[in-house]
Amino acid sequence: MSPKAERSMVPRERPTSYYGRPIVKRPVWKPEIPLYFFFGGLAGGSATLAAAATFAGRPRLARRAWAGAFVGVTVSPVLLIRDLGQPRRFLYMLRVVKVTSPMSLGAWLLAANGGATTLAAGLNLLLPRRRGGLPEVGAALVGAPLATYTAALITNSAIPAWSEARLEMPFVFASSAAASAAGAAMLTVPSAEAEPARALGIAAVAVEEVASRVMLKRLGPLAKAYEEGEPGKIDRAARALSAAGALALAIGGRAGRRHGASEADRTRRAISATGGALLLAGACCKRWAVFKAGFASAEDPAQTVDLQRARMAGR
Amino acid sequence: MSARKGFFTDTSVCIGCKACEVACKEWNQVPPDPRGLTGNSYDNSGELGANRWRHVAFIEQKLSVGVEEAAPESLVEEAARQGLVADGLDQHEDADGFRWLMSSDVCKHCTEAGCLDACPTGALFRTEFGTVVVQPDICNGCGYCVVSCPFGVIDQRQGDGRVWKCTMCYDRLKDEMEPACAQACPTDSIQFGDLDELRERAARRVELLHQRGRGEARLYGDSEDDGVGGFGAFFLLLDEPETYRLPPDPVVPTRRSPEVWAAALGAAATLVGGVAASFLRGRR
């Protein structure tokens, strides 16, 4: 290059954009997808909780949690098929197993979990004295990744605010799934048997809050996608619902300790059930907020450019 | 498998005629997608998508050439006095500091293609020409490729649900014809051929432009060391990539997959551990 040519004719200020148009495409997914993230989490979390309850000899908790897991794995494919538009299109998903595609692996995970959960749920509902076996272990082992792979699905993408959250998002989803499973159990199991679910629910909300904060901190300027606008509003609602749910579970803590159903116990029981419902609502809103944050991030070309420019400067 | 085919789009000779857009639509029977007037220069077709596989960008730039204050009468005369015309100002057509960049964008047919890696059905595949093509009869409209493309190229077609993008005229390639856009381009801004040969040609072209004082000319996507292993369709640009709506440092999501899965499995293990712990606590 001649010395003359090195004189820049173009003033370099901050990165420009093309009429402010986005660089990456916004997702084309319908609301069924964040709902699926919620129900998949409920299915996976409940299968894990249910398996533990079966092995721990808490049959009432086990039966209700298995029912929750079954509802989750039954609703999930319905939501996915609705998003695709035509039912038979879902079958194309089962043409191949593709390790580079979290969606392909996820489809197989969902299918495997559907089988294992249905079997385990059936056995637990039919045989009240069952102490657990291979179906329960299988359902829990594919259930836990079913709850977290949806985080891998969105972080394995070109959307900056999703992709850069790849290390923390699965923990947000895992804790949210645990809160869902615990919430469903608290809502449906009115006895002392549900105590582990109460502990799980309170702990899950705490872990979710911590994981979310770490995620936003590490995202730096990309966190804007989660904090501002519609996603920000939904995320604040999610956190408020979850926190209220955890508080209700803590207050209702002594409800199931004694049988006899005095007036006070009935009140505490109602508080616990309300807490469970709040946890479910919070978990659903959390997925919704994360989903919408991806749209906000995709629509802002500066998120794409600034991230890449910072990476280039660091090299 | 034949030699890998590609596009070299030399934007320094693009005249913004949009013949490529039209030829592409005609040959591939891509549906119309009128959007009215955008007010963004001569660009009224927006960006690449399901119904636009070539897109011409128009960028109007008023550039400071550093002589504005010194030239109360005529910018042209002042620029000539300072010898700026031979130095590169000749590209600003009226020597008034205005320049018009035009560029025909297209699918990059990445060596490591995010869309291809993400596709859960096998609808997206690598052809014998090294290009990336969607098979419409297998695509199930899951939309995962849409968020997996670092360039925002592939998109879902409304009412159809499936995704569509440039095929580099796979049908024409099989008949040893060049793609419609390249054939229609009147200035050879779009060049089609064996990728290796195109890369050599592009290197010579950028060197020539530098010798002529066009220091801002740079190749984009010609290196196999980038985040997608090199583009099958690369460019010669006269400004930063983002000016043209192109990402400056694209990385295929698949390169992050080991981290993604480690975190997902770690979180799954934590979930199992957390559930188990809540039962231990309950026993006490």
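How many residues of domain 1 of chain A are in contact with how many residues of domain 2 of chain A? I will start there. This is a predicted model, and what I say is about that model.

Chain A, then. It is divided into domain 1, residues 28-156, and domain 2, residues 160-309. The C-alpha centres of these two domains of chain A lie 19 Å apart. As for the opening question, 24 residues of domain 1 are in contact with 29 residues of domain 2. On the domain 1 side of that contact, the elements giving two or more residues are H2, helix H3 (59-84) and H6 of chain A. H2(A) gives the most to this side, with 11 residues. By residue class, the domain 1 side divides into 12 nonpolar, nine polar and three charged.

Next, the contact between the chains. Chain A puts in 74 residues, and chain B puts in 67 residues. On the side of chain A that touches chain B, several helices each supply at least two residues, among them helix H2 (32-55), helix H5 (102-126), helix H6 (134-155) and helix H9 (195-219). Helix H1 (3-6) and helix H13 (301-314) of chain A are also on that list. Which element gives the most to this side of chain A? That is H6(A), with nine residues. The side of chain A that touches chain B divides into 45 nonpolar, 17 polar and 12 charged residues.

Last, two residues in chain B. Most residues other than glycine have a negative phi. B:Gln29 is not a glycine, yet it has a positive phi of about 50 degrees. Where does B:Gln29 lie? In the loop between helix H1 (19-28) and strand S2 (54-62) of chain B. B:Gln29 counts as exposed because it has 6 C-beta neighbours inside 10 Å, and the cut-off for exposed is 12 or fewer.

The other residue is B:Glu176, with a positive phi of about 60 degrees, and again not a glycine. B:Glu176 sits in the loop between helix H5 (170-174) and helix H6 (180-184) of chain B. Is B:Glu176 buried or exposed? Exposed, because B:Glu176 has 7 C-beta neighbours inside 10 Å.

That is the end of my part.

Conventions. Residues are numbered from 1 along each chain as its sequence is written. Chains are lettered from A and ligands numbered from 1 in the order in which they are written. This is a predicted model: local features need pLDDT of at least 70, side-chain atom pairs count only at pLDDT 80 or more; totals for chains, interfaces and linings use all residues. Helices (H or I, at least four residues) and strands (E, at least two) are DSSP runs, numbered from the N terminus. A residue is buried if 20 or more other C-beta atoms lie within 10 Å of its own, exposed if 12 or fewer, and partly exposed in between; C-beta atoms are placed from the backbone. Two residues are in contact if their C-beta atoms, placed from the backbone, lie within 7 Å. Ala, Val, Leu, Ile, Met, Phe, Trp, Tyr, Cys and Pro count as nonpolar, Asp, Glu, Lys and Arg as charged, and the others, Gly among them, as polar. Domain bounds come from an automatic or database domain assignment.
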